[in-house]
Amino acid sequence: MTNFHIYKASAGSGKTYTLVREYIKKCLCSNSAVAHQPLLAITFTNKAAGEMKDRIISTLFNFSQGEKIDFYEDLRIELGYTDQYFQKKSKKSLSDIIHYYSSFSVSTIDKFI
């Protein structure tokens, strides 16, 4: 059975932050050849979807460079990864997104339906 995770929150409550963190977490702990392929993040507006894509890519880039920004340390500890392995998985996820961009599914509710 497929698992769905639904986050319901009001404006300004950190939905994008939470979705970006969870999306990256799913990518980093996946053993799939292309980790982001089975993932789908849905938001309300095109602007929010674009922002979410930008934040996923920029966060993975920063993590792959060893920059301990945002939730780097919390996520690394949660996954039980060393710094080196965390950076390696971040590079792989970023590379996969770039090479298989058409599978990078972050869209609006309207486009999904």
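Helices (H or I, at least four residues) and strands (E, at least two) are DSSP runs, numbered from the N terminus. This is a predicted model: local features need pLDDT of at least 70, side-chain atom pairs count only at pLDDT 80 or more, and totals for chains, interfaces and linings use all residues. Residues are numbered from 1 along each chain as its sequence is written, and side-chain values use heavy atoms, with hydrogens and water left out.

**Whole chain**

Start with a cartoon of the protein chain. Along the sequence, its pattern reads α-β-α-α-α-β-α. That comes to five helices and two strands. The radius of gyration of the protein chain is 14 Å, close to the 13 Å that the globule rule gives for 113 residues, so the chain is as compact as a globular protein of that length. That radius is taken over C-alpha atoms, and the rule is 2.2 Å times the number of residues to the power 0.38. Along the principal axes, the C-alpha atoms fill a box of roughly 40 × 30 × 30 Å.

Now colour by burial. Buried means under 20% relative accessible area, exposed over 50%, partly exposed in between (1.4 Å probe, protein chains only). Of the 113 residues in the protein chain, 38% are buried.

**The nonpolar core**

A nonpolar core is a set of buried Ala, Val, Leu, Ile, Met, Phe, Trp, Tyr and Cys residues joined through side-chain atoms within 4.5 Å. The largest one here has 23 residues. Select Tyr 23, Ile 24, Leu 28, Ile 56, Phe 86 and Val 106, which have the most contacts inside this core. Helix 1 (15-29), helix 2 (46-64), helix 3 (72-79) and helix 4 (83-99) each give it two or more residues.

Zoom in on Phe 86. Contact means heavy atoms within 4.5 Å. Not counting residues up to four places away in sequence, Phe 86 touches Leu 28, Phe 63, Tyr 72, Leu 75, Arg 76, Leu 79 and Tyr 81.

Select Thr 59, found in helix 2. Thr 59 counts as buried, at 5% relative accessibility. Beyond four places in sequence, Thr 59 touches Val 20, Ile 24, Asp 70 and Phe 71.

Next, pick Ala 49, also found in helix 2. Ala 49 is buried, with a relative accessible area of 7%. Leaving aside neighbours within four places in sequence, Ala 49 is in contact with Thr 43, Val 106, Ser 107 and Thr 108. Ala 49 and Ile 109 are 60 residues apart in sequence, yet 9.9 Å apart in space, C-alpha to C-alpha.
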